Amino acid sequence: MANVRVAGTGLTAFGASPERTGRDLFAEASIAAFDDSGVSRDDVEAVFYGNFMGELAEHQGHQGPLMAEAAGVQAPATRFESACASSGVAVREAVKRIRTGENDVLLVGGAERMTNLGTAGATEALAIAADDLWEVRAGTTFPGAYALMAQAYFDAFGGDREDLAHIAVKNHDNALPNEKAQYQRAIEVDDVLEAPLVSEPLGLYDACPISDGASALVLTSEDYATDHDLEAPVAITGTGQGGDRMALHDREHLARSPAAREAGEEAYADAGIDAGDVDVAEVHDCFTIAEVLALEALDLEPIGEGISAARDGRTTADGELPVNLSGGLKAKGHPVGATGASQVAEMATLLAGTHPNSDHVADATTGVTHNAGGTVASAMVHVLEVAA
Amino acid sequence: MSERSDADDIADAGFDEWLDAAETGDAYYLECANGHGSLPPRRVCPDCGATDLEEVVLPEPGEIETFTITHVPTPAFEDDAPYATAIANVGPVRITGQVMGVDPEAVETGLEVEVEITVSETTGERVIGFRPA
(Lines give C-alpha, C1' and ligand atoms only; values in the text may rest on other atoms or scores of the structure.)
Protein backbone atom coordinates (compact mmCIF):
# COMPACT_ATOMS: atom_id res chain seq x y z
CA MET A 1 0.00 0.00 0.00
CA ALA A 2 1.26 3.46 -0.94
CA ASN A 3 2.32 5.47 2.05
CA VAL A 4 1.53 9.13 2.39
CA ARG A 5 4.25 11.71 2.91
CA VAL A 6 3.95 14.94 4.84
CA ALA A 7 5.58 17.25 2.32
CA GLY A 8 4.88 20.53 4.08
CA THR A 9 3.37 21.89 7.28
CA GLY A 10 2.12 25.34 8.17
CA LEU A 11 0.61 26.80 11.32
CA THR A 12 -0.48 30.27 12.28
CA ALA A 13 0.33 31.33 15.79
CA PHE A 14 -2.52 30.09 17.99
CA GLY A 15 -4.04 32.72 20.27
CA ALA A 16 -6.43 35.61 20.38
CA SER A 17 -6.80 37.50 17.10
CA PRO A 18 -10.55 38.21 17.15
CA GLU A 19 -10.38 40.56 14.19
CA ARG A 20 -8.84 38.04 11.81
CA THR A 21 -11.17 36.17 9.48
CA GLY A 22 -11.06 32.42 9.07
CA ARG A 23 -10.00 32.82 5.46
CA ASP A 24 -7.05 34.99 6.48
CA LEU A 25 -5.95 32.47 9.10
CA PHE A 26 -6.12 29.55 6.68
CA ALA A 27 -4.37 31.53 3.94
CA GLU A 28 -1.42 32.17 6.26
CA ALA A 29 -1.16 28.51 7.26
CA SER A 30 -1.41 27.34 3.65
CA ILE A 31 1.31 29.73 2.47
CA ALA A 32 3.62 28.36 5.13
CA ALA A 33 2.78 24.77 4.16
CA PHE A 34 3.40 25.39 0.45
CA ASP A 35 6.65 27.22 1.18
CA ASP A 36 7.77 24.34 3.39
CA SER A 37 6.84 21.69 0.83
CA GLY A 38 8.24 23.05 -2.42
CA VAL A 39 5.04 21.73 -4.05
CA SER A 40 3.30 23.88 -6.65
CA ARG A 41 -0.27 24.99 -5.94
CA ASP A 42 -1.07 23.87 -9.49
CA ASP A 43 -0.47 20.26 -8.50
CA VAL A 44 -3.08 20.24 -5.72
CA GLU A 45 -5.98 18.02 -6.73
CA ALA A 46 -8.35 18.70 -3.83
CA VAL A 47 -8.63 20.55 -0.53
CA PHE A 48 -9.78 18.73 2.62
CA TYR A 49 -10.61 21.28 5.29
CA GLY A 50 -11.86 21.02 8.88
CA ASN A 51 -13.97 23.60 10.69
CA PHE A 52 -16.50 23.31 13.49
CA MET A 53 -18.28 26.53 14.38
CA GLY A 54 -17.96 28.71 11.27
CA GLU A 55 -21.72 29.29 11.05
CA LEU A 56 -21.82 30.58 14.62
CA ALA A 57 -18.55 32.51 14.67
CA GLU A 58 -18.54 33.99 11.17
CA HIS A 59 -21.99 33.32 9.78
CA GLN A 60 -20.16 31.33 7.15
CA GLY A 61 -21.10 27.94 5.81
CA HIS A 62 -19.75 26.21 2.70
CA GLN A 63 -16.20 26.94 3.74
CA GLY A 64 -14.44 24.42 1.47
CA PRO A 65 -14.37 26.56 -1.69
CA LEU A 66 -13.77 29.70 0.36
CA MET A 67 -10.64 28.22 1.87
CA ALA A 68 -9.34 26.77 -1.40
CA GLU A 69 -9.67 30.25 -2.86
CA ALA A 70 -7.92 31.79 0.16
CA ALA A 71 -5.07 29.33 -0.36
CA GLY A 72 -4.85 30.13 -4.08
CA VAL A 73 -5.80 26.62 -5.08
CA GLN A 74 -8.15 25.85 -7.95
CA ALA A 75 -9.45 22.44 -7.04
CA PRO A 76 -12.55 20.84 -5.52
CA ALA A 77 -12.77 21.51 -1.79
CA THR A 78 -14.75 19.91 1.00
CA ARG A 79 -15.29 20.95 4.59
CA PHE A 80 -15.29 18.21 7.22
CA GLU A 81 -17.10 18.68 10.53
CA SER A 82 -16.60 16.36 13.47
CA ALA A 83 -16.57 18.90 16.30
CA CYS A 84 -13.03 19.21 17.70
CA ALA A 85 -11.88 16.33 15.48
CA SER A 86 -12.86 18.13 12.26
CA SER A 87 -9.40 18.39 10.72
CA GLY A 88 -8.42 15.00 12.14
CA VAL A 89 -11.08 13.45 9.93
CA ALA A 90 -9.96 15.66 7.03
CA VAL A 91 -6.44 14.20 7.39
CA ARG A 92 -7.81 10.68 7.56
CA GLU A 93 -9.92 11.04 4.44
CA ALA A 94 -7.00 12.64 2.60
CA VAL A 95 -4.69 9.78 3.57
CA LYS A 96 -7.21 7.27 2.30
CA ARG A 97 -7.67 9.18 -0.95
CA ILE A 98 -3.94 9.26 -1.67
CA ARG A 99 -3.59 5.59 -0.80
CA THR A 100 -6.17 4.58 -3.37
CA GLY A 101 -4.03 6.26 -5.98
CA GLU A 102 -6.83 8.61 -6.93
CA ASN A 103 -4.82 11.68 -5.91
CA ASP A 104 -1.13 12.46 -5.46
CA VAL A 105 -1.25 15.92 -3.86
CA LEU A 106 -3.81 17.28 -1.39
CA LEU A 107 -3.99 20.42 0.71
CA VAL A 108 -5.35 19.45 4.12
CA GLY A 109 -5.96 21.48 7.24
CA GLY A 110 -8.42 23.46 9.25
CA ALA A 111 -9.19 26.75 10.87
CA GLU A 112 -11.31 28.17 13.64
CA ARG A 113 -12.19 31.69 14.68
CA MET A 114 -13.46 31.65 18.25
CA THR A 115 -12.31 34.56 20.40
CA ASN A 116 -14.58 37.04 18.59
CA LEU A 117 -17.46 35.22 20.32
CA GLY A 118 -16.20 36.04 23.82
CA THR A 119 -15.98 33.43 26.59
CA ALA A 120 -19.73 32.98 27.01
CA GLY A 121 -20.35 32.82 23.27
CA ALA A 122 -17.53 30.37 22.67
CA THR A 123 -18.73 28.22 25.58
CA GLU A 124 -22.17 28.13 24.02
CA ALA A 125 -20.78 27.35 20.57
CA LEU A 126 -18.59 24.53 21.86
CA ALA A 127 -21.56 23.06 23.70
CA ILE A 128 -23.31 22.25 20.42
CA ALA A 129 -20.93 19.31 20.09
CA ALA A 130 -23.02 17.69 22.83
CA ASP A 131 -26.60 16.39 22.55
CA ASP A 132 -28.69 19.56 22.57
CA LEU A 133 -31.84 18.00 23.98
CA TRP A 134 -30.41 15.73 26.65
CA GLU A 135 -27.16 17.42 27.65
CA VAL A 136 -26.99 21.10 26.73
CA ARG A 137 -30.52 21.83 27.93
CA ALA A 138 -29.61 20.30 31.29
CA GLY A 139 -26.80 22.84 31.60
CA THR A 140 -23.90 20.73 30.38
CA THR A 141 -20.95 22.73 29.12
CA PHE A 142 -17.81 21.19 27.65
CA PRO A 143 -15.75 21.76 30.78
CA GLY A 144 -18.77 20.35 32.64
CA ALA A 145 -18.81 17.18 30.57
CA TYR A 146 -15.09 16.57 31.11
CA ALA A 147 -15.57 17.37 34.80
CA LEU A 148 -18.19 14.60 34.93
CA MET A 149 -15.56 12.26 33.44
CA ALA A 150 -12.88 13.47 35.86
CA GLN A 151 -15.11 12.84 38.88
CA ALA A 152 -16.04 9.42 37.51
CA TYR A 153 -12.32 8.67 37.02
CA PHE A 154 -11.44 9.73 40.56
CA ASP A 155 -14.24 7.54 41.93
CA ALA A 156 -13.22 4.53 39.84
CA PHE A 157 -9.42 4.69 39.98
CA GLY A 158 -8.37 7.36 42.47
CA GLY A 159 -6.31 10.45 41.75
CA ASP A 160 -6.99 14.07 42.50
CA ARG A 161 -6.75 17.64 41.22
CA GLU A 162 -3.04 17.76 42.00
CA ASP A 163 -2.35 14.82 39.68
CA LEU A 164 -4.20 16.67 36.93
CA ALA A 165 -2.30 19.87 37.71
CA HIS A 166 0.97 18.15 36.81
CA ILE A 167 -0.38 17.61 33.28
CA ALA A 168 -1.06 21.33 32.88
CA VAL A 169 2.38 22.20 34.26
CA LYS A 170 4.07 19.73 31.88
CA ASN A 171 2.26 21.02 28.81
CA HIS A 172 3.01 24.64 29.68
CA ASP A 173 6.68 23.71 30.08
CA ASN A 174 6.61 22.02 26.67
CA ALA A 175 5.14 25.12 25.04
CA LEU A 176 7.95 27.40 26.23
CA PRO A 177 10.09 27.12 23.06
CA ASN A 178 7.08 26.78 20.69
CA GLU A 179 6.59 30.21 19.14
CA LYS A 180 3.22 29.17 17.72
CA ALA A 181 1.86 28.45 21.21
CA GLN A 182 -0.77 30.62 22.84
CA TYR A 183 0.91 30.35 26.25
CA GLN A 184 4.70 30.43 26.33
CA ARG A 185 4.63 30.73 30.08
CA ALA A 186 5.61 28.27 32.80
CA ILE A 187 3.12 27.60 35.58
CA GLU A 188 3.35 25.82 38.94
CA VAL A 189 1.09 23.17 40.43
CA ASP A 190 -0.22 25.72 42.92
CA ASP A 191 -1.22 28.07 40.09
CA VAL A 192 -3.45 25.32 38.74
CA LEU A 193 -4.91 24.41 42.12
CA GLU A 194 -5.59 28.04 43.06
CA ALA A 195 -7.15 29.06 39.73
CA PRO A 196 -10.89 29.78 39.65
CA LEU A 197 -13.06 26.68 39.31
CA VAL A 198 -14.84 26.26 35.99
CA SER A 199 -16.65 22.98 36.58
CA GLU A 200 -15.46 21.08 39.64
CA PRO A 201 -13.07 19.34 39.85
CA LEU A 202 -11.69 21.25 36.84
CA GLY A 203 -10.39 24.79 37.15
CA LEU A 204 -9.35 27.42 34.66
CA TYR A 205 -5.84 25.95 34.29
CA ASP A 206 -7.20 22.46 33.65
CA ALA A 207 -8.81 23.81 30.49
CA CYS A 208 -7.34 24.68 27.12
CA PRO A 209 -7.83 28.30 26.10
CA ILE A 210 -10.24 29.64 23.53
CA SER A 211 -8.15 30.19 20.41
CA ASP A 212 -8.06 31.45 16.88
CA GLY A 213 -5.77 29.72 14.44
CA ALA A 214 -5.25 27.55 11.40
CA SER A 215 -3.20 24.57 10.29
CA ALA A 216 -2.26 23.28 6.87
CA LEU A 217 -0.49 20.22 5.48
CA VAL A 218 0.61 19.38 1.98
CA LEU A 219 0.24 15.61 1.73
CA THR A 220 1.60 13.69 -1.24
CA SER A 221 1.96 10.15 -2.42
CA GLU A 222 5.33 8.52 -1.93
CA ASP A 223 5.79 8.39 -5.71
CA TYR A 224 5.14 12.10 -6.10
CA ALA A 225 7.58 12.90 -3.30
CA THR A 226 10.25 10.75 -4.95
CA ASP A 227 9.61 12.01 -8.48
CA HIS A 228 9.81 15.63 -7.33
CA ASP A 229 12.74 15.06 -5.03
CA LEU A 230 10.82 16.47 -2.05
CA GLU A 231 12.28 16.83 1.39
CA ALA A 232 9.52 14.79 3.06
CA PRO A 233 11.10 12.45 5.57
CA VAL A 234 7.96 11.63 7.54
CA ALA A 235 5.14 9.34 6.41
CA ILE A 236 1.63 8.88 7.75
CA THR A 237 1.61 5.10 8.04
CA GLY A 238 -1.54 4.46 10.04
CA THR A 239 -4.99 5.94 10.34
CA GLY A 240 -7.93 4.95 12.51
CA GLN A 241 -11.31 6.29 13.46
CA GLY A 242 -13.67 5.36 16.25
CA GLY A 243 -17.24 6.31 17.04
CA ASP A 244 -19.55 6.16 20.02
CA ARG A 245 -22.96 7.27 21.22
CA MET A 246 -23.44 11.05 21.16
CA ALA A 247 -24.19 11.77 24.81
CA LEU A 248 -21.66 11.20 27.56
CA HIS A 249 -24.30 9.46 29.69
CA ASP A 250 -24.48 6.74 27.04
CA ARG A 251 -20.75 5.89 27.23
CA GLU A 252 -20.20 2.33 28.35
CA HIS A 253 -17.94 3.65 31.14
CA LEU A 254 -17.94 7.33 32.11
CA ALA A 255 -14.17 7.42 32.58
CA ARG A 256 -13.14 5.67 29.39
CA SER A 257 -13.13 6.52 25.70
CA PRO A 258 -13.91 3.41 23.65
CA ALA A 259 -13.94 5.39 20.40
CA ALA A 260 -10.33 6.41 20.95
CA ARG A 261 -9.38 2.82 21.77
CA GLU A 262 -11.02 1.66 18.54
CA ALA A 263 -9.27 4.40 16.54
CA GLY A 264 -5.92 3.57 18.14
CA GLU A 265 -6.19 -0.15 17.54
CA GLU A 266 -7.11 0.46 13.91
CA ALA A 267 -4.27 2.95 13.36
CA TYR A 268 -1.67 0.69 15.05
CA ALA A 269 -2.77 -2.31 12.97
CA ASP A 270 -2.79 -0.18 9.83
CA ALA A 271 0.81 0.89 10.50
CA GLY A 272 1.84 -2.57 11.65
CA ILE A 273 2.96 -1.36 15.06
CA ASP A 274 1.78 -1.79 18.62
CA ALA A 275 1.57 0.66 21.47
CA GLY A 276 5.04 -0.32 22.68
CA ASP A 277 6.55 1.04 19.46
CA VAL A 278 5.30 4.57 20.07
CA ASP A 279 8.14 6.97 20.95
CA VAL A 280 6.19 10.22 21.25
CA ALA A 281 2.53 11.27 21.30
CA GLU A 282 0.39 14.34 20.70
CA VAL A 283 -2.99 13.77 22.35
CA HIS A 284 -6.19 15.80 22.60
CA ASP A 285 -5.83 17.43 26.03
CA CYS A 286 -8.72 19.87 25.80
CA PHE A 287 -8.83 19.36 29.57
CA THR A 288 -6.18 17.79 31.75
CA ILE A 289 -8.33 14.71 32.37
CA ALA A 290 -8.63 14.22 28.61
CA GLU A 291 -4.89 13.50 28.38
CA VAL A 292 -5.30 10.76 30.98
CA LEU A 293 -8.22 9.15 29.15
CA ALA A 294 -6.38 9.41 25.82
CA LEU A 295 -3.21 7.70 27.09
CA GLU A 296 -5.24 4.85 28.55
CA ALA A 297 -7.38 4.46 25.41
CA LEU A 298 -4.23 4.35 23.25
CA ASP A 299 -2.75 1.67 25.50
CA LEU A 300 0.16 3.97 26.33
CA GLU A 301 -0.78 3.72 30.03
CA PRO A 302 -2.66 0.90 31.78
CA ILE A 303 -6.30 1.66 32.71
CA GLY A 304 -6.37 3.59 35.96
CA GLU A 305 -2.69 4.55 35.86
CA GLY A 306 -2.62 7.38 33.33
CA ILE A 307 -3.47 9.83 36.08
CA SER A 308 0.05 9.61 37.53
CA ALA A 309 1.98 9.67 34.24
CA ALA A 310 2.84 13.37 34.25
CA ARG A 311 3.36 13.62 38.02
CA ASP A 312 5.76 10.68 37.96
CA GLY A 313 7.60 12.03 34.93
CA ARG A 314 6.77 9.25 32.46
CA THR A 315 5.26 11.70 29.96
CA THR A 316 7.41 14.79 30.53
CA ALA A 317 9.80 16.04 27.85
CA ASP A 318 12.59 13.81 29.14
CA GLY A 319 10.34 10.95 30.22
CA GLU A 320 10.12 7.56 28.55
CA LEU A 321 7.17 8.70 26.40
CA PRO A 322 7.00 12.47 25.93
CA VAL A 323 3.38 13.56 25.47
CA ASN A 324 2.31 16.87 23.95
CA LEU A 325 5.76 18.28 23.29
CA SER A 326 3.99 21.01 21.30
CA GLY A 327 2.36 22.23 24.51
CA GLY A 328 -0.81 20.33 23.66
CA LEU A 329 -4.19 21.94 23.34
CA LYS A 330 -3.68 23.12 26.91
CA ALA A 331 -0.81 25.51 26.23
CA LYS A 332 -0.44 25.61 22.45
CA GLY A 333 -4.13 26.48 22.13
CA HIS A 334 -7.18 24.84 20.59
CA PRO A 335 -8.72 26.53 17.55
CA VAL A 336 -10.90 23.47 17.30
CA GLY A 337 -11.16 22.96 13.56
CA ALA A 338 -7.40 23.41 13.18
CA THR A 339 -6.34 21.06 15.96
CA GLY A 340 -6.27 17.62 14.32
CA ALA A 341 -4.10 18.70 11.40
CA SER A 342 -1.94 20.84 13.69
CA GLN A 343 -1.12 17.74 15.76
CA VAL A 344 0.06 16.03 12.58
CA ALA A 345 2.12 19.11 11.71
CA GLU A 346 3.74 19.16 15.16
CA MET A 347 4.45 15.42 15.06
CA ALA A 348 5.90 15.54 11.54
CA THR A 349 8.33 18.27 12.56
CA LEU A 350 9.17 16.57 15.86
CA LEU A 351 10.13 13.41 13.96
CA ALA A 352 11.89 15.32 11.18
CA GLY A 353 14.10 17.05 13.72
CA THR A 354 12.90 20.54 12.84
CA HIS A 355 10.66 21.22 15.86
CA PRO A 356 12.02 23.35 18.72
CA ASN A 357 11.46 20.32 20.98
CA SER A 358 12.93 17.71 18.61
CA ASP A 359 16.04 17.34 20.77
CA HIS A 360 13.90 15.61 23.41
CA VAL A 361 13.06 12.87 20.91
CA ALA A 362 16.22 12.74 18.82
CA ASP A 363 16.02 8.95 18.38
CA ALA A 364 12.27 8.77 17.88
CA THR A 365 11.01 7.08 14.74
CA THR A 366 7.33 6.56 15.55
CA GLY A 367 4.76 9.07 16.78
CA VAL A 368 1.03 8.98 17.31
CA THR A 369 -1.57 11.76 17.18
CA HIS A 370 -4.99 11.55 18.84
CA ASN A 371 -7.81 13.97 18.04
CA ALA A 372 -11.20 13.76 19.74
CA GLY A 373 -14.63 15.26 19.05
CA GLY A 374 -17.27 15.97 21.67
CA THR A 375 -16.97 13.77 24.72
CA VAL A 376 -15.14 11.36 22.39
CA ALA A 377 -18.11 10.30 20.30
CA SER A 378 -15.59 10.83 17.49
CA ALA A 379 -11.90 9.92 17.60
CA MET A 380 -9.15 10.03 15.02
CA VAL A 381 -5.71 8.49 15.51
CA HIS A 382 -2.74 8.73 13.14
CA VAL A 383 0.63 7.02 13.21
CA LEU A 384 3.58 8.91 11.75
CA GLU A 385 6.95 7.32 11.09
CA VAL A 386 10.30 8.43 9.83
CA ALA A 387 10.38 6.89 6.36
CA ALA A 388 13.21 4.43 5.90
CA MET B 1 -25.69 33.54 19.28
CA SER B 2 -27.99 33.31 22.26
CA GLU B 3 -31.09 34.33 20.32
CA ARG B 4 -32.59 30.90 20.04
CA SER B 5 -36.07 31.99 21.17
CA ASP B 6 -37.68 31.48 17.77
CA ALA B 7 -36.42 27.95 17.59
CA ASP B 8 -37.37 27.34 21.21
CA ASP B 9 -40.98 28.30 20.54
CA ILE B 10 -41.28 25.32 18.24
CA ALA B 11 -41.88 22.01 19.95
CA ASP B 12 -39.31 19.23 19.86
CA ALA B 13 -41.64 16.33 19.30
CA GLY B 14 -40.82 13.36 21.46
CA PHE B 15 -38.62 15.32 23.84
CA ASP B 16 -41.27 17.80 24.95
CA GLU B 17 -43.74 14.97 25.57
CA TRP B 18 -41.13 13.29 27.72
CA LEU B 19 -40.76 16.47 29.79
CA ASP B 20 -44.60 16.66 30.09
CA ALA B 21 -44.68 13.09 31.36
CA ALA B 22 -41.78 13.65 33.76
CA GLU B 23 -43.58 16.70 35.17
CA THR B 24 -46.49 14.53 36.25
CA GLY B 25 -44.20 11.84 37.65
CA ASP B 26 -44.61 9.57 34.64
CA ALA B 27 -41.10 9.66 33.17
CA TYR B 28 -40.36 6.75 30.87
CA TYR B 29 -37.69 5.17 28.73
CA LEU B 30 -37.92 3.27 25.49
CA GLU B 31 -37.35 -0.45 25.51
CA CYS B 32 -36.83 -2.84 22.62
CA ALA B 33 -37.64 -6.56 22.63
CA ASN B 34 -34.05 -7.29 23.63
CA GLY B 35 -34.38 -5.21 26.79
CA HIS B 36 -32.17 -2.30 25.69
CA GLY B 37 -33.17 1.05 27.15
CA SER B 38 -32.87 4.43 25.44
CA LEU B 39 -34.33 7.94 25.50
CA PRO B 40 -36.66 9.59 22.97
CA PRO B 41 -37.16 10.87 20.35
CA ARG B 42 -36.06 7.64 18.73
CA ARG B 43 -37.30 5.21 16.11
CA VAL B 44 -34.49 2.70 16.25
CA CYS B 45 -32.81 1.00 19.22
CA PRO B 46 -29.20 2.29 19.17
CA ASP B 47 -27.93 -1.00 20.58
CA CYS B 48 -29.53 -3.52 18.22
CA GLY B 49 -31.47 -1.71 15.52
CA ALA B 50 -34.88 -2.95 16.65
CA THR B 51 -37.66 -0.63 15.48
CA ASP B 52 -40.37 -1.75 17.86
CA LEU B 53 -39.81 0.45 20.90
CA GLU B 54 -42.15 0.57 23.86
CA GLU B 55 -42.53 3.27 26.52
CA VAL B 56 -41.77 1.78 29.93
CA VAL B 57 -42.09 3.56 33.28
CA LEU B 58 -38.70 4.71 34.56
CA PRO B 59 -37.88 2.68 37.67
CA GLU B 60 -37.00 5.33 40.24
CA PRO B 61 -35.13 6.22 42.32
CA GLY B 62 -31.95 6.41 40.31
CA GLU B 63 -28.45 6.82 41.66
CA ILE B 64 -25.90 9.52 40.90
CA GLU B 65 -22.92 8.04 39.08
CA THR B 66 -20.91 11.25 38.60
CA PHE B 67 -21.43 14.96 39.12
CA THR B 68 -19.88 18.38 38.72
CA ILE B 69 -20.55 21.86 40.01
CA THR B 70 -20.48 24.30 37.12
CA HIS B 71 -19.33 27.84 37.84
CA VAL B 72 -18.92 29.01 34.23
CA PRO B 73 -22.16 28.26 32.38
CA THR B 74 -23.44 28.89 28.87
CA PRO B 75 -25.46 32.12 28.57
CA ALA B 76 -28.67 30.06 28.94
CA PHE B 77 -27.73 29.29 32.56
CA GLU B 78 -26.03 32.55 33.49
CA ASP B 79 -28.25 33.22 36.52
CA ASP B 80 -28.34 29.56 37.58
CA ALA B 81 -24.61 29.14 38.28
CA PRO B 82 -23.17 27.67 40.33
CA TYR B 83 -25.27 24.56 39.83
CA ALA B 84 -24.67 20.84 40.18
CA THR B 85 -25.06 18.64 37.11
CA ALA B 86 -25.11 14.88 37.51
CA ILE B 87 -25.40 11.74 35.47
CA ALA B 88 -27.73 9.30 37.21
CA ASN B 89 -28.35 5.64 36.53
CA VAL B 90 -32.08 5.17 36.32
CA GLY B 91 -32.97 1.59 35.47
CA PRO B 92 -31.50 0.69 32.08
CA VAL B 93 -30.71 4.28 31.07
CA ARG B 94 -28.56 7.10 32.31
CA ILE B 95 -29.87 10.66 32.41
CA THR B 96 -28.07 14.02 32.73
CA GLY B 97 -29.80 16.55 34.97
CA GLN B 98 -29.38 19.32 37.50
CA VAL B 99 -29.43 18.37 41.16
CA MET B 100 -31.75 20.49 43.25
CA GLY B 101 -33.08 20.55 46.77
CA VAL B 102 -29.60 20.02 48.17
CA ASP B 103 -26.53 22.20 48.64
CA PRO B 104 -24.36 21.62 45.52
CA GLU B 105 -21.41 20.88 47.81
CA ALA B 106 -23.39 18.03 49.42
CA VAL B 107 -23.98 16.20 46.14
CA GLU B 108 -22.10 12.92 46.01
CA THR B 109 -21.75 9.77 43.97
CA GLY B 110 -24.26 7.15 45.07
CA LEU B 111 -26.90 9.69 46.13
CA GLU B 112 -30.39 8.34 45.34
CA VAL B 113 -32.45 10.74 43.25
CA GLU B 114 -35.76 11.07 41.48
CA VAL B 115 -36.33 12.89 38.21
CA GLU B 116 -38.12 16.19 38.64
CA ILE B 117 -38.51 18.88 36.01
CA THR B 118 -37.30 22.29 37.11
CA VAL B 119 -37.00 25.64 35.38
CA SER B 120 -33.93 27.65 34.39
CA GLU B 121 -33.67 30.82 36.45
CA THR B 122 -32.14 32.47 33.40
CA THR B 123 -34.53 31.57 30.60
CA GLY B 124 -37.59 30.08 32.28
CA GLU B 125 -37.15 27.01 30.08
CA ARG B 126 -37.79 23.55 31.50
CA VAL B 127 -34.73 21.67 32.71
CA ILE B 128 -34.37 18.03 33.69
CA GLY B 129 -33.61 17.90 37.40
CA PHE B 130 -32.90 15.39 40.12
CA ARG B 131 -34.15 15.63 43.70
CA PRO B 132 -32.78 13.44 46.51
CA ALA B 133 -35.17 10.52 46.94
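## Briefing on a predicted two-chain model

A:His59 sits in the loop that runs between helix H2 (54–58) and helix H3 (63–70) of chain A. The phi angle of A:His59 is near 55°, which is a positive value in a residue other than glycine. The structure is a predicted model, with scores of ipTM 0.95 and pTM 0.97. For chain B the mean pLDDT is 93, and 94% of the residues of chain B reach 70 or more.

**Helix packing in chain A**

- Two packed helices are described by the angle between their axes and the distance between the axes, and the pairs below are given in those terms.
- Helix H1 (residues 22–37) of chain A and H3(A) have axes that come within 8 Å and cross at roughly 50°, and H1(A) and H3(A) are therefore oblique to each other.
- The crossing in which H1(A) passes H3(A) is right-handed; on the H1(A) side the contact is made by A:Gly22, A:Arg23, A:Phe26 and A:Ala27, and on the H3(A) side by A:Gln63, A:Leu66, A:Met67 and A:Ala70.
- Sorted by class, the contact of H1(A) with H3(A) holds five nonpolar, two polar and one charged residues.
- Helix H6 (residues 142–157) of chain A packs against helix H11 (residues 288–297) of chain A at an angle of about 60°, with the two axes 9 Å apart.
- Because angles from 65 to 115 degrees count as roughly perpendicular and those under 35 as roughly parallel, the pair H6(A) and H11(A) is classed as oblique, and the crossing of H6(A) and H11(A) is left-handed.
- H6(A) brings A:Tyr146, A:Met149, A:Ala150 and A:Tyr153 to this contact, while H11(A) brings A:Ile289, A:Ala290, A:Val292 and A:Leu293; the residues of the contact of H6(A) with H11(A) comprise eight nonpolar, no polar and no charged.
- H11(A) also packs with helix H7 (residues 161–175) of chain A, where the axes come within 8 Å and cross at roughly 95°, and H7(A) and H11(A) are therefore roughly perpendicular to each other.
- The contact of H7(A) with H11(A) is formed by A:Leu164, A:Ile167 and A:Ala168 from H7(A) and by A:Thr288, A:Ile289 and A:Glu291 from H11(A), and by class it has four nonpolar, one polar and one charged residues.

**Contact between chain A and chain B**

- Across the two chains, 31 residues of chain A are in contact with 30 residues of chain B.
- On the side of chain A that touches chain B, at least two residues each are supplied by helix H5 (118–127), H6 and strand E5 (197–199) of chain A.
- H6(A) gives the most to that side of chain A, with seven residues, and H6(A) is also the helix that packs against H11(A).
- The side of chain A that touches chain B divides by class into 15 nonpolar, nine polar and seven charged residues.

**Domains of chain B**

- Chain B is divided into domain 1, covering 11–58, and domain 2, covering 59–133, and the C-alpha centres of these domains of chain B lie 20 Å apart.
- Ten residues of domain 1 of chain B are in contact with nine residues of domain 2 of chain B.
- On the side of domain 1 of chain B that touches domain 2 of chain B, the elements giving two or more residues are helix H2 (15–23) and strand E2 (37–38) of chain B, and H2(B) gives the most, with three residues.
- The residues of that side of domain 1 of chain B divide into seven nonpolar, two polar and one charged.

**Backbone geometry**

- Most residues other than glycine have a negative phi, and most peptide bonds are trans.
- The peptide bond from B:Pro40 to B:Pro41 is cis, with omega near -5°, and B:Pro41 is placed in the loop between E2 and strand E3 (54–57) of chain B.
- B:Ala81 and B:Pro82 are likewise joined by a cis peptide bond, for which omega is about -5°; B:Pro82 lies in the loop between strand E4 (62–70) and strand E5 (83–90) of chain B.

Notes: Residues numbered from 1 in each chain as written. Chains lettered and ligands numbered in written order. Predicted model: local features only at pLDDT ≥ 70, side-chain atom pairs only at ≥ 80, totals over all residues. Domains from an automatic or database assignment. Contact = placed C-beta atoms within 7 Å. Helix = DSSP H or I, 4+ residues; strand = E, 2+ residues; numbered from the N terminus. Nonpolar A, V, L, I, M, F, W, Y, C, P; charged D, E, K, R; others polar. pLDDT = per-residue confidence, 0-100. Axes fitted to C-alpha atoms, helices over the stretch in contact; angles between N-to-C directions. Parallel < 35°, antiparallel > 145°, perpendicular 65-115°, else oblique. Left-handed = near helix turned anticlockwise from the far one by under 90°.
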